[in-house]
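Student: I would like to go through this model with some questions. Please show it first.

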Amino acid sequence: MSTTSEPARQQAAEVDILEELKAELAHDLEEERPPHAGPLAQVAAGLVTLALGVAGMVLALGYGLGSLTEPGPGLWPFAVAVAVTALSIAQIVFGREAQDTEQFTRSSALTGLGVLSLIGLAALLPVIGFEVPSLVLMVIWLRFLGGESWRLTAVISVVTVAAFYALFVLALSIPLPRLI
Amino acid sequence: MTIIVGYLDTPEGRAALETGIAEAALRDLPLVVVNSPRRGAPVDVDMLAPEQVSAIVDRATDHGVRVEVRQPLHGDSLAETLESVAREVDASLVVIGLRHRSPVGKLILGSTAQRILLDASVPVLAVKADR
Amino acid sequence: MDFTPIIDGFGIVLQPTNLLYCLVGVLIGMLIGVLPGLGPAATIAILLPITYGIEPVSAIIMLAGIFYGAQYGGTITSVLLRLPGEASSVVTVFDGFAMAKQGRAGAALGIAAIGSFIGGTVSIIGLSVLAPVVAGYALDFGPPEYAALGLLGVLLVSTVGNGGKLKAIIAASIGLLIATVGRDTFTGAERFTFANLNLADGIDFVPIAMGLFGLGEILYNLEENHKKVHAPAKVTKVWPSRKDLSDSKGAIARGSGIGFGLGVLPGGGAVLSSLVAYAVEKRRAKQPERFGRGAIEGVAAPETANNAAATSSFIPLLTLGIPANATMALMFGALLIQGVQPGPQLVDSHPDIFWGVINSMYIGNILLLIMSIPMVGIFVRILRVRPAILAPITALITMLGVYTVNNSVFDIYLVIVFGVVGYLMKKFGFDPGPMVLAFVLGTLIESSARQSLLIFGGDPTGFVSRPISGTILAAILAVVLFPLVRKVIRARRGEPADVRTPEEAAVSQAPAETPDRETTEAK
């Protein structure tokens, strides 16, 4: 009796260690991201796609559905939009329990700042060339988003923009709006 | 009351550790070894491997010193992290290793040691590596 | 079998420029495989502007190299740091890291390299044999078959794999919708353009891809909370012993088969293959307790499988013109940019591309094997660079890169818009992959469906009556109903509705961009 149960118990104990390792790994990976958002986020997601679906349906109807024998321009978009709408409703009704969303945290504000800096780059690029906006972008991302020291920020920003200049303008002669 | 050693696996760091151990033995205080890599990258040379940590623990206990090794991550300022650990463990002394830098080196790379020396709220013992 | 085109293919690959592009691709692939954060899909998306200036063959050779190179790169960090660089390397962590702790990191990396090479090579041979056959068969396909096949592909990619299936299908449907923006080719009417001239010709593939995969990934990673720092890993003897090699024989053989088979399926691919190969080895083993503690088969099997799968996932693209996963969707787009229409006619109309790409994979795999061992040290050094430094550089590459395509600032704004969309999608649990795949296939599906309706005289039952499209539609039905049926059966039995092994749970948390998660399949 004891001889048969012993190896089984031992095996069970060993298997547990492996399970522990896997759980640890999953936990590690999860720790790096913001916590999961609640059901509200799930519903919000569903509402956004629902809006898209309904808008698609309305607009597609406007383009004319035609008939099956002579499909109008709106037929296919309408069919797809119907699918989007139906699935969105399913998401709103059934999809609240899922754990696949993330909360917006304070670092999300940094992401927002990053996006604004990109918009700034796009806006300034045709006006004053790529060098200065790129430099500013690098500084914003390195210093304010990345928390690097001013020294490192300055060095890396200048080196990067210089490298881009050397690559795009000197080596590849690709037309970019530029100052120099 | 504890003694803190700011530790890196360099000659200066090891010198600091020896001095820290000696001081801790002398004053009969526990030792807190702080090994702080920078936050961000998945790998950092400053981070000690588990074997290195146990080697430090062995070295200290060999001299009869109670030791704890901490590995907090630092963001912008290592000095700040050291300072906060110092406050937390009620340090009476901070021991750091000092590396000789040329004037240009001090300019470009800045000096963590200088920050620690200037900002610390307790006495700082700066140790050079044995030549 | 006529071997001339195959031999010609080698001739193309062995040209110095193409060899160089292959090398560059594999190197970049390994690099980003090592780096957590960007993955092959994001990188390929960001590098799309480069493909404008070079030959189609060279472009695809390089992009392909990035793809299968990344499969191996992810292994390095899995073994040395217990940090999977790619989703397809998550399973390798369990035994790989255990081996590293026992001082056998070199053997683990070595067997992973060898397994990857063998798996890749077996897959390429299979590809070479199978692809022309499938392409020949597919020449009988008409519009109904393409419509059905496209739909099946989109569905499979959305549903096969971990969680969020409903959201993935929603994303895919929205992708189909976005594909309709612009002028309708059948009637000339403008759809969803809102009187904006830039949208009149539809939305360009490149800004969408760069935005959703490239910028979206970069923005998403900005919120990464880096908690763990590892000590630098030391790798000493980097070669498996003879015993290791003989122990792994079976695992490598089975892994090759599993990878090849699962890679072909849309939605299958590298991640799924690595999981299945590991599970199969564990179940077959006489001492399954060894797994998780340094069983060499636990490294050999998944690594072989993921490379084999990465290679075989090219088959649907090259033979049918249907991308099997998000990365293949990017290749599809890259080919379209070059004016090459993927489809069964590709093998005849562009044999240089067809065989050039396939044969480049042999060379690429050899390069991988040669470089993987000596360069491990260098690759691990890369990990010391803080992501905060790489982020703005990649962002700049993306922004300036998209500008160079059309000298258009509007394109930059498009990338930003889709970057934000991609970021929000990931925050809310939507996979960008199915959306891009559906976008890429959307025009094909719609025009095929409309052509079919014209052929059938407006009678949709024609889809069912044709044997091939009917079968495909039945498959679609099965795919849609299967999970629902499973849930009902489980509920009846009183089992939990969502059963996942801890491995699958770990994989679903895996980093390295959503495109690398199973549903989008990039790594």
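Student: How many residues of chain A are in contact with chain C, and with how many residues of chain C?

Tutor: This is a predicted model, in which local features need pLDDT of at least 70, side-chain atom pairs count only at pLDDT 80 or more, and totals for chains, interfaces and linings use all residues. Residues are numbered from 1 along each chain as its sequence is written, while chains are lettered from A and ligands numbered from 1 in the order in which they are written. Two residues are in contact if their C-beta atoms, placed from the backbone, lie within 7 Å. Counted for chain A and chain C, that gives 74 residues of chain A and 64 residues of chain C.

Student: Which element gives the most to the side of chain A that touches chain C?

Tutor: The elements giving two or more residues to that side include α1 (2–31), α4 (106–128) and α6 (150–171) of chain A. Helices here are DSSP runs of H or I with at least four residues, strands are runs of E with at least two, and both are numbered from the N terminus. With 13 residues, the element that gives the most is α1(A).

Student: How do helix α2 and helix α3 of chain A run relative to each other, roughly parallel or roughly antiparallel?

Tutor: Helix α2 (residues 39–63) and helix α3 (residues 75–94) of chain A pack with their axes 8 Å apart, at an angle of about 160°. Axes are lines fitted to C-alpha atoms, for helices over the stretch in contact, and angles run from 0 to 180 degrees between N-to-C directions. Angles under 35 degrees count as roughly parallel, over 145 as roughly antiparallel, 65 to 115 as roughly perpendicular and the rest as oblique. The angle therefore makes α2(A) and α3(A) roughly antiparallel.

Student: Which strands stand at the edges of the sheet in chain B?

Tutor: Five strands of chain B form an open sheet with parallel pairing, in the order β3-β2-β1-β4-β5. Two strands pair if DSSP finds at least two bridges between them. A strand with a single partner has one side left without a neighbour in the sheet, so the edge strands are β3 (67–70) and β5 (124–128) of chain B.
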